[in-house]
Amino acid sequence: MRCDHCAQEAPDGVFCTRCGAHQGTTKESGDAKSREHRYAAHPGEHVAHPAIFTTLFPHLGHNKIHEFRWAFIAGLAGVLILYVAGLITAAILVSAFLVPVLYLIYLYEAQVYRDEPALVLGFTIGGGVVVGIVVTLFERLIYNPFQYAPNPLTGAGVGIGAVLILGLVIPLIQEALKPIPAFFLPNRADFPETVDGLVFGVAAGLGFSVAETLIGFSTTLASLPAHVAPGNWIFDLATLAVFQPLLQGSATGLIVATIWRFRRGRLAGRELGGVAVALLAHIAFAAGTVVMKNSSTNPLFILIWQATVDGVLLIYIRYLLHYSLLEEAAHMGFAETVCPNCHMHIVASGFCPNCGMALSAVPGAVRRSRKPRAEPAAPVSNVK
Ligand SMILES: [Zn+2]
Ligand SMILES: [Zn+2]
C-alpha cells in the first residue's frame with residue numbers, strides 16, 4: 001500500500017511502518033498523522049495519560065509494565081507496614097530506594113545500555129548519586145533546616161528568605177547540575193535516540209534523589225529510635241517514596257531528552273518548552289511544599305499538589321517523546337521482528353503496522369533479534 005501521509009510504499013497495516021501515521025479513515029478522534037490517541041511508546045494509551053511506568057519506563061512491553069507496577073505497589077505496601085509498626089527509620093530507607101531500585105532493574109531488563117552496562121550505569125545513576133551528595137552537602141551549608149524545625153520536611157518557622165532559597169534557588173541549582181553526568185557520558189554517540197536520553201536523565205535524577213534523601217534525613221535517621229509512634233510520618237513517607245523521586249527523575253529526564261534533541265539538530269518550541277516545564281515544575285513543587293507546610297495546610301493537600309505537578313511533568317514527557325519517536329523511528333531499515341506490544345510477527349521498519357508501536361523504543365534483546373529484510377516488503381503475514 002501507499003501511505004496516505006508520507007506517500008511511501010509500506011506493507012499493509014493499520015499504521016504506516018515508515019512514518020507511524022494511522023491509515024485510512026478512523027473513527028478514533030484526532031489527527032491520523034500525529035495519532036495522539038496512540039502514544040508511540042505504548043499504543044494502548046493516549047499521549048495525555050499521566051501514567052508513571054509507560055512514561056518513565058518506555059521500553060517495557062505490556063506484561064513487564066504490569067510486573068513493575070505490582071513491584072511498586074508491593075514496595076509501597078512494605079513502607080505502609082513499616083510505618084504502622086512504628087519502624088520509621090526502616091520505612092524512610094525503603095522509601096528512598098524503592099523507585100531508584102525499580103529503575104535499576106528496568107535498565108537491566110530493557111538493556112538500554114546495550115554492550116556497556118558499567119559505563120552507562122556509572123555515568124547515569126552513579127553520577128547522579130555523586131552530584132546528589134555534593135549538591136545536598138552544599139545546600140546544607142547555605143541553609144540548614146534543622147535550625148528551624150525538628151523535621152527537615154516541615155518548613156515551620158521559615159520566612160520569605162527561606163522560601164526563596166528552598167523554593168527557587170535550590171531547585172534551579174539542582175536542575176542545572178543533575179543532567180551533567182548523562183551529558184558527559186563518553187559513548188553517548190552510540191545512543192542517538194531521544195528515548196535513550198530520556199532514560200539516562202531519569203536514571204541520573206533518581207540517583208540524585210537517593211543521595212538527597214539519605215543526606216537530608218541523615219540526622220533524623222541517626223537520632224530517631226528504631227521504634228517510634230507512627231504519628232504524621234505517613235505524609236512525608238508518601239513524598240519520599242513516590243512524589244520526590246518522580247519529580248527528580250522526570251525533570252532531569254525531560255532536560256536530558258532536550259539535550260539529546262539538540263544533538264540531533266532539533267531545538268524547537270517543543271524542546272525549549274520542555275526545559276521551561278521542568279524548571280517551573282520543580283520550583284512549583286518545592287515552593288508550594290514549603291509555603292503550605294509553613295502555613296500548616298492539611299498535609300493531604302500538599303500531597304495532592306505534589307501529585308499534580310508530577311502529573312503535568314509526566315504528560316509533557318510523553319508529548320515530547322511521542323513526537324520524537326514519530327520523527328526518529330522513521331529511519332530504521334526493514335526487518336523481521338516480533339512486536340513487543342502486540343506480539344505479532346511483523347516485517348516492519350520504524351513502527352509496528354499492527355499496533356503502531358515505535359520500534360526504536362523496544363528492549364535491547366528485541367532490537368538485536370531484528371532480521372534485516374530487503375526494502376519493499378513482501379506481502380505481509382501480519383494482517384489477519
Ligand atoms: Zn507513512
Ligand atoms: Zn505491535
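Biologist: How far apart are the centres of domain 1 and domain 2?
Modeller: They sit 34 Å apart, taken over C-alpha atoms. This is a predicted model, with local features needing pLDDT of at least 70 and side-chain atom pairs 80 or more, while totals for chains, interfaces and linings use all residues. Residues count from 1 along each chain as its sequence is written, with chains lettered from A and ligands numbered from 1 in the order written.

Biologist: Where do the domains run?
Modeller: Domain 1 is 1–37 + 332–384 and domain 2 is 53–329, with bounds from an automatic or database assignment.

Biologist: And how many residues does each put into the contact?
Modeller: Domain 1 gives 15 residues and domain 2 gives 16, counting C-beta atoms (placed from the backbone) within 7 Å.

Biologist: New topic: how many helices and strands are there in the chain?
Modeller: The chain has 12 helices and three strands, as DSSP runs numbered from the N terminus (H or I, at least four residues; E, at least two).

Biologist: Why should α2 span 33 Å?
Modeller: Because helix α2 (residues 62–84) has 23 residues at 1.5 Å each, the rule being 1.5 Å times one less than the residue count. Its end C-alpha atoms are 33 Å apart, so that agrees.

Biologist: What comes after α2?
Modeller: G86 follows α2, and its phi is positive, near 80 degrees.

Biologist: What box does the whole chain fill?
Modeller: Along the principal axes, its C-alpha atoms fill roughly 70 × 40 × 40 Å.

Note on methods:
Contact = placed C-beta atoms within 7 Å.
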